[in-house]
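I opened my notebook to record what I looked up in this structure.

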Amino acid sequence: SAAATDRDVQLGKVDNSGNWSSFMTVADGGNVGIGNTNPTKKLKIGSGTTATVLGDDGIILDLGVGGQITSISSTNVQAGIATSTSFGYMGTWSNHPLYIRTNNSDKIIIESGGNIGIGLTSNIRGILHVNGSNYSESPTVNKLITVSDSANSQEYMILSYHSTPDCGVIQGLHEGTAWKPVSINPIGANVGIGTTTPSYKLDVNGDARVTGTLIVQDGTASTN
C-alpha cells in the first residue's frame, strides 16, 4: 500500500463562489504561517517574500512597505517598529519620549522634542547630554564624551566636567599610562581666547598670567 503523506493544516474560509482563502497554515514540519501558506520559520506573519531571515528559529514579520508593529498602553503611549521602502523605524508614534535600556535599567532617553540623554533620563540640557562616571586615573575626571584612536581604544580625547575645581575639561589620556597633551589647531588657523577673530596663533583678549617661565623661542617680545 502507499505510504501516508504528511499534510499541512490550514485555517481559512470559503466565499460564496466556493473559493478557498487560507488565513493560517501549520506546515507539516511545525512552522506556522499567518497570512502565508509556506512558512519558512517557526512563525512567519505576512505574505511577502522579501523579509529578512533571522535564524533557524527566528520570527519573520513581513508586513509590507509601511507595515508596523505597535504597542499601546492604557494611557495611549504608542511605540513600535516599522519599515519604509529604504529604512526602518523604531520609536514612539505618540508625543512621548523613547527609553532604551540594558540590564533592565534605563540608559538612553530620546525626548519627544528630540533631545538625547545618555546616562540620565531627566533634566536633559541640550541636543545631546551625557552623564558619565569617573576614570580610574588620578585625578579622576568624569568620562562624559570620549573619542578614541582607531588603532588603540585606550587612547582617548575627553570632553568632560570636573566637579573639583568646578570647571570644564578637555584632556588627552592613554589609559593606564599617562595623561597626554592636547593640541589645538595643529594643522593651521589661529586660536582665540576671549575673541572670535584671532589674528595670531594665540590671541588673548584680556589679562593673562604665567606662573613660571615664559619662553619665546626664535621670536621677539613686544607690547602694544
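**Entry 1: a pair of strands**

I began with Leu 98, whose bridge partner in strand S10 is Ile 110. The model I am reading is a predicted one. I then looked up the strands around this pair. S9 and S10 (residues 105–110) run antiparallel and are joined by five bridges.

**Entry 2: the sheet around that pair**

Which strands make up the sheet, and in what order? I found an open sheet of four strands in the order S9-S10-S11-S12, and its pairing is mixed. Strand S9 (98–102) and strand S12 (128–130) stand at the edges; each has a single partner strand, so one side of each is left without a neighbour in the sheet. As a reminder to myself, strands of a sheet pair through backbone hydrogen bonds, either parallel or antiparallel.

**Entry 3: another sheet**

I next looked up the open sheet of four strands with the order S13-S14-S15-S16 and found that its pairing is antiparallel. Why is one side of strand S13 and of strand S16 left without a neighbour in the sheet? Strand S13 (145–149) and strand S16 (178–180) stand at the edges with a single partner strand each, so one side of each has no neighbour there. Neighbouring strands in this sheet are turned by 35° against each other on average, direction ignored.

Inside the sheet I checked strand S14 (residues 152–162) and strand S15 (residues 167–174), which pair in the antiparallel sense over eight bridges. Met 157 stands opposite Gly 172 in S15.

**Entry 4: a hairpin**

How many residues lie between S7 and S8? I found four residues between them, and the two strands form a hairpin. Strand S7 (residues 78–83) and strand S8 (residues 88–92) run antiparallel, with five bridges joining them. Gly 80 stands opposite Gly 91 in S8.

**Entry 5: confidence**

Last, I looked up the pLDDT. The chain averages 81, and 81% of the residues score at least 70. Where is confidence lowest, and where is it highest? The lowest is in strand S5 (residues 59–61), at a mean of 64, and the highest is in strand S17 (residues 191–193), at 95. Over residues 50–55 the pLDDT is below 50, and this stretch has eight contacts in the model beyond near neighbours in sequence. Where pLDDT is low, the predicted coordinates should not be read in detail.

Notes. Residues numbered from 1 in each chain as written. Predicted model: local features only at pLDDT ≥ 70, side-chain atom pairs only at ≥ 80, totals over all residues. Heavy atoms only, no water. Pairing = 2+ DSSP bridges. Axes fitted to C-alpha atoms, helices over the stretch in contact; angles between N-to-C directions. pLDDT = per-residue confidence, 0-100. Contact = heavy atoms within 4.5 Å.
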